[in-house]
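The sequence and the structure come first.

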Amino acid sequence: MSKVIFITGAGRGLGTDIVREALAAGHQVVATGRRPEEVEKTLGGPQDNLLVTKLDVTSLEDAQAAAQAAVDRFGRIDVLINNAGNFFAGYFEEVSPAHMRQQIETNLFGPMNVTRAVLPVMRRQRDGHVITLSSLAGQVGTEFTSAYAASKFAVEGWMEALHHDIKPYGIRTTIVEPGYFRTELLVDASTTWPEPTIDDYAERTTATVEAWKSINGQQPGDPAKLAHALLTLAGQDQPPLRFVAGADAIEGVSAKARELLAQVEASRELGGNLGHDDTNA
């Protein structure tokens, strides 16, 4: 069945793949980006089932205008795919407070802004599906990703709680946790690389930046296949609350789950005996 699918970050990378997959499947698509003329050019120009509109996800006003444009054109919004994001790399002490805030602003408050604009439409319909791209980094914090992991861990908590808020209105949610895919996340337009500013980190920073840049284009995941998988989820009546995407992500999240269970068991004796002792009351 044809749906109206609203996609952020549609001008390049995975967002473009999702739009193309959705159009090929016969859906009506709202493709958004900060430079809509470039988005439309990338997608091959005007199309009957395509609305291209401006959206900087850090602007709630942009989000509200884009949601209204979608309703004006297609009458409803069935699926929101929060795809837009960026990556501020670096060791925590070398990530400036300004860059840390920018990371959170884009990767957390960005999808919050768009979702806030779209939810009234979905509530009126008593139907909808919010899909938000998290990351393996939303489950597993690793070296050099403190800002990015912070933003994605926050996305996970927000979406997990949001599920309970909106489920009574027929709105479904899915958190997507991709591993390494050949998207454009690691290109300079999406990634802010740190300058070595602290001697203790300088050698590691230089080596790590080179290592990260070297894997761009070598990631194991195929973004076209991920786009197809996301459209499959969008078509399900009971989609999963979490979708772990890629063999590397499945192994990473599985290992984290085992680690968490081991930590719970290690905490049981000390942590499980912290209640009030009322036996002498």
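The axes of helices H4 and H5 come within 8 Å and cross at roughly 20 degrees. The model is a predicted one. With angles under 35 degrees counted as roughly parallel, H4 is therefore roughly parallel to H5. The crossing of H4 past H5 is right-handed.

Residues from both helices make up this contact. On the H4 side they are Met100, Gln103, Ile104, Asn107, Leu108, Pro111, Met112, Thr115 and Leu119. On the H5 side they are Ser146, Ala147, Tyr148, Ala150, Ser151, Lys152, Ala154, Val155, Trp158, Leu162 and Ile166. Sorted by class, the contact has 14 nonpolar, five polar and one charged residues.

**Aromatic pairs**

Tyr148, one of the H5 residues in that contact, also takes part in ring pairing. How many aromatic pairs are there? With ring centres required to lie within 6.5 Å, the count is four. Two of them, Phe87 with Tyr148 and Tyr91 with Phe144, are set out below.

| Pair | Centre to centre | Angle between planes | Geometry |
|---|---|---|---|
| Phe87 and Tyr148 | 5.0 Å | 65 degrees | edge-to-face |
| Tyr91 and Phe144 | 4.9 Å | 75 degrees | edge-to-face |

Tyr91 sits in the loop between E5 and helix H4 (97-125), while Phe144 sits in the loop between strand E6 (128-133) and H5. The two residues are 53 apart in the chain, and their pair links distant parts of it. Are these two residues buried or exposed? Tyr91 has a relative accessible area of 6% and is buried. Phe144, at 2% relative accessibility, is buried as well. Both values fall under the 20% limit for a buried residue.

**Alanine 255**

Ala255 is found in helix H8 (residues 247-271). Its relative accessibility is 31%, so Ala255 counts as partly exposed.

Technical notes
Residues are numbered from 1 along each chain as its sequence is written. This is a predicted model: local features need pLDDT of at least 70, side-chain atom pairs count only at pLDDT 80 or more; totals for chains, interfaces and linings use all residues. Side-chain values use heavy atoms; hydrogens and water are left out. Rings of Phe, Tyr and Trp (its six-membered ring) pair if their centres lie within 6.5 Å; planes under 30 degrees apart count as stacked, over 60 as edge-to-face and the rest as tilted. Helices (H or I, at least four residues) and strands (E, at least two) are DSSP runs, numbered from the N terminus. Buried means under 20% relative accessible area, exposed over 50%, partly exposed in between (1.4 Å probe, protein chains only). Axes are lines fitted to C-alpha atoms, for helices over the stretch in contact, and angles run from 0 to 180 degrees between N-to-C directions. Angles under 35 degrees count as roughly parallel, over 145 as roughly antiparallel, 65 to 115 as roughly perpendicular and the rest as oblique. A crossing is left-handed if the near helix is turned anticlockwise from the far one by less than a right angle, and right-handed if clockwise. Contact means heavy atoms within 4.5 Å. Ala, Val, Leu, Ile, Met, Phe, Trp, Tyr, Cys and Pro count as nonpolar, Asp, Glu, Lys and Arg as charged, and the others, Gly among them, as polar.
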